[in-house]
Amino acid sequence: MKARLDLLATVDQGVTESEIFRLALQHSVAELDGLGGTVHLRGPMSALRLVSSTGLPPRLVRPWEMVDQEGPTAPARAVRQGGGTRNGNGAGNGSAAGVWVPAGAAGSGDGWPGAGLAAVPVRGGHRPVGALTIVMGDRGRPTEAQWEFLRAVVHWAEERMGQAPPPARARPPGEEMSGQRLRQALKAVPIGTWDWNIHTGELAWDDAAMVIYGTDPDDFVPSIESWLKVVHPDDLAWTLAAAERAIRNGTVFEAEYRVRRPDGGYAWTQARGRTVLNDRGEPVRMVGRAWDSNESPSARDALSRALRHMSDGFLAVDDTWRVTFVNLAAEQALGSSEEELFGHPLWELPSVRNVPGLETRCREAAAAGRPAGFDVRSPGADRSYHLRLVPVPDGVTLYFSDVTERRRRQAEQDAMERAAAERAARIAELTTALAGATTSRDVVEAVARRVLPPFGAGGLIVLAVEVGGDRLSCIGSVGYPPDFVDVIVRSTPARGGPIWESLLTRTPLFISSADEFMARYPDMRHRPSEAAKEAWVFLPLIASGHTFGVCVIAFDRPHRLPDEDRTLLTAISALVAHALERARLYDAEHTRSQELQRALLPRTLPELPACTAAARYLPAGQGMDVGGDWYDIIPLSAGQVALVIGDVMGHGLPEAATMGRVRTAVHTLAALEMPPDEIMSHLNEIVGDLGEDSFVTCLYALYDSTTRICSFARAGHPPPAVVHPDGTVHFPELALAPPLGAAEPPFETAELTIPEEGLLVLYTDGLIESSGREIDEGMATLARLLRTADTSPTADLDQLCDTLTAGLLPADQPTSDDAALLVARVHALATDHMASWPLPSHPQAAGEARKHVREQLTAWGLDELATTTELLVSELVGNVVRHAKGPVRLRLLRSAELVCEVGDGSLTTPRIRRASATDEGGRGLQLITALSQRWGTRYTATGKCIWTEQALPGADGDHPGLGGLGGLGDLGDLGDLGGFGDLEDLAGPGNLGDPGDLGDRGGLNAPPPRV
């Protein structure tokens, strides 16, 4: 061991560090009988850089080129434990003795041979700066003597490292690193800038620095380790020491060292930097620049001349912003020669002082210590320059280039890209709008909103070719007077013109001015002035291979469209054509549906003495199919009227057809004068037979003007609103059954006395319920509107309907359901217009009945109806006495007609039949039919009632009187008036009452009177 140490002591002082490390490794491996060894030096942050190795293949060494100082490897552990002190002979104490890592343990290296790794720290000054590591052979862990030898070798290397000179190369005599030389160096290109964060180790290089340090930008890792990898091992130690001194003393960092190039060789590089302090005066960053110093002075001069004559401007200033270098391009931009500029403060130059904000931005960038770039504009020359400012240790360098044309081209490119994006956005917006367009009007509005404004157009006409192909119809127009549109619609192919030319040729037509229009169509020279337009686009509308219309877009001023806009409009016309074709199909179907629905609803409401009514039907919002809501007022006998409202669930033609069927069934059942609950039962059966998917809600109200009682039955329908003359509103509590088609009879009937001149308000759920409003909220709103509206007996019911629909269904809020509303003001029949008498159940009842009729009609001033009414009442009473049973009652009602009623306790109803010439009876109902306007039968709580109606004198139409018997032919056909003769068998002549009651007719046995 001593011999080897003596041999090392004979090494001359001043050898390079790489030679020192090589000798130390060779003797250590040989003495310890090791397999190989490495030397790592400590870099900034937590990295150890491999600077020398021996006896080990590259495959094993490559992963150890950069070692994390905080990791488990043997060199890292030796550095961390190397904080102890040594005696003068290199002997260690504490943890500085060395580190042993057996093979297979963490930090021993993957796949390394031998028994393990022995590492001792290498110190520089008062702290460890690296580690020497030996790969031990089969002998295993070093002995204590071997550890002492390793420490002695390391101590020798440490002494020689302090004596080793920094790497140098031949320089011209007198060339020193001075400010003058730095300015000369700045003339060489390229010049790279770097920025190193001392605390985090983050490192930033610009593109020029990437080239100088031989690093591909794609492979660059922004860390100080990227720099450590490319520095020559011989130069690393003293370069790191120079950086540490600059950080510790706040001085300029200056070094020239070798850098590995991509081809594996090394080239000289010079770097200069300065420390950036934080607010507390602590160093946080180091920024600087580097340049290739491998060229000879002649090459450097050549590069300086290239920089002097390059097209971009370049100038350098010192810390006081005085100009130290300027090239020809910068002289021209600043308007002064190099002699005039050199040494002058930059901000005193007029060309610089006139640039707004330039000084502030440059000073801020220099203070930040980071390279910065921005555009500036020369006010006088109207030129744009891109300025790049790079802080350097003793000043700032500024590069600027004229980017006026580049920015202009970029602006044009940006404008083209924006225009393309806007065109794409327009098409997307128009496509969305057309996709949501349901009707032809929607399509026209979408084109007017989405096409006219972007192109600056002021007029639009969309025309369709009618069946036959020689006439036009206007689908919609914007910006044209109606008279001019009418003129355009009347044009024909024979007259020609741009519209028909575009239609027949199926080609878009672009006319840029009125002069062009008049030159092309001299027979239509007046058209531009009439339309007040001066440029046009005629776009044929083609869908499914068929040209069915044309879209005319007009401009208020002459306007020549570029090719891009023409192409865009042609593409838009295809979108419009397909949307319009779809909308026209919808319009046709929707029109047919609405016509069907209008045909199924009442055209007008009947004028009845029992009530005055108004109604509204509101279809669903645009785009929805027809619905199944309906309402009805059905006049019945004896001052009664049926108020009906219903809703077939769903939308579409099948629902509208179902509504027509149900409405017809309601009319038929109401004509039979059944009670409301029975009518609802029959309707439930009818709807159930229509199919499982058919459901109908319905409210049936039967109002009797003689009693003011209204009977209600409902199935799945909201209750009516009852409005009293004083404005009070309430919703009666009615039994609710499921909708028709799903209900189970029987239905319940509720009776309510309605005040005279009160209102019944019937409605469907579409009026009060929507997606944003619950049915209870809607009913509350309806009640509020009724309370605040004019509901007095003299109020206009049509106006009330408008008030309710406007309050519940505003026009600007389309709905998804149709709605029906029926408002009826009920009237009571005056008591002096009603008369009623009980009759006995024997043949004399007919005579009493005629007497009551005669007296009452005289009191009412209806004597001319007395004879006819007596005949009717005689026939009715006679039939009751002969065929019925129970109490008999006669009632006369004077309203719009004269009503005669005869009631009994029987449930059998008379049926009209054809009597033969030999039959003695069977002609009574024929006589009643001939003498009355209409007659019928209805059931009552105690039996049935047979009623007749006669027109009052002076009413519209001829009063039939006895002349109505002409409907039966010659009275001789009646023989002995068999209706009366039926009673002869019961009592004989005179038993029907006082013979005088029949005048000279002498009772039923007398010859029939001649009318």
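This is a predicted model: local features need pLDDT of at least 70, side-chain atom pairs count only at pLDDT 80 or more; totals for chains, interfaces and linings use all residues.
## Helix H23

Residues are numbered from 1 along each chain as its sequence is written, and side-chain values use heavy atoms, with hydrogens and water left out.

Helices (H or I, at least four residues) and strands (E, at least two) are DSSP runs, numbered from the N terminus. H23 covers residues 653–671, 19 residues in total, and spans 27 Å from its first C-alpha to its last. That is close to the expected 27 Å at 1.5 Å a residue, where the expected span is 1.5 Å times one less than the number of residues. Just after H23, Glu-673 has a positive phi of about 55 degrees.

## Leu-569 in helix H22

Helix H22 contains Leu-569. This residue counts as buried because its relative accessibility is 1%. Contact means heavy atoms within 4.5 Å. Apart from neighbours within four places in sequence, Leu-569 contacts Val-451, Phe-455, Phe-510, Val-537, Leu-539, Ile-553 and Leu-561. Arg-423 lies 146 residues from Leu-569 along the chain, yet their C-alpha atoms are 9.9 Å apart.

## Nonpolar cores

In soluble globular proteins, nonpolar side chains tend to be buried together. A nonpolar core is a set of buried Ala, Val, Leu, Ile, Met, Phe, Trp, Tyr and Cys residues joined through side-chain atoms within 4.5 Å. The largest one has 61 residues, of which Leu-132, Trp-194, Trp-205, Tyr-213, Trp-227 and Phe-253 touch the most other members. A second, separate core has 55 residues, including Leu-608, Ile-679, Leu-740 and Ala-743.

Leaving out residues up to four places away in sequence, Trp-205 touches Thr-193, Trp-194, Met-210, Tyr-213, Thr-215, Phe-220, Ser-226 and Trp-227. Trp-205, Tyr-213 and Phe-220 are also linked into a cluster by ring pairs.

## Aromatic rings

Rings of Phe, Tyr and Trp (its six-membered ring) pair if their centres lie within 6.5 Å; planes under 30 degrees apart are stacked, over 60 edge-to-face, and the rest tilted. The count by this rule is 12 aromatic pairs. One of them is the tilted pair of Phe-314 and Phe-325, with 5.6 Å centre to centre and 55 degrees between the planes. Phe-314 is in strand E12 (residues 313–318) and Phe-325 in strand E13 (residues 323–326), 11 residues apart. Both residues are buried.

The pair of Phe-517 and Trp-536 is tilted because the ring centres are 5.0 Å apart and the planes are at 45 degrees. Phe-517 belongs to helix H20 (residues 514–520) and Trp-536 to strand E20 (residues 535–543), 19 residues apart. Phe-517 and Trp-536 are both buried.

## The whole chain

The protein chain has 31 helices and 36 strands. Of its 1011 residues, 50% count as buried. Among contacts between residues at least 6 apart in sequence, 60% join residues at least 24 apart.

Terms used:
Buried means under 20% relative accessible area, exposed over 50%, partly exposed in between (1.4 Å probe, protein chains only).
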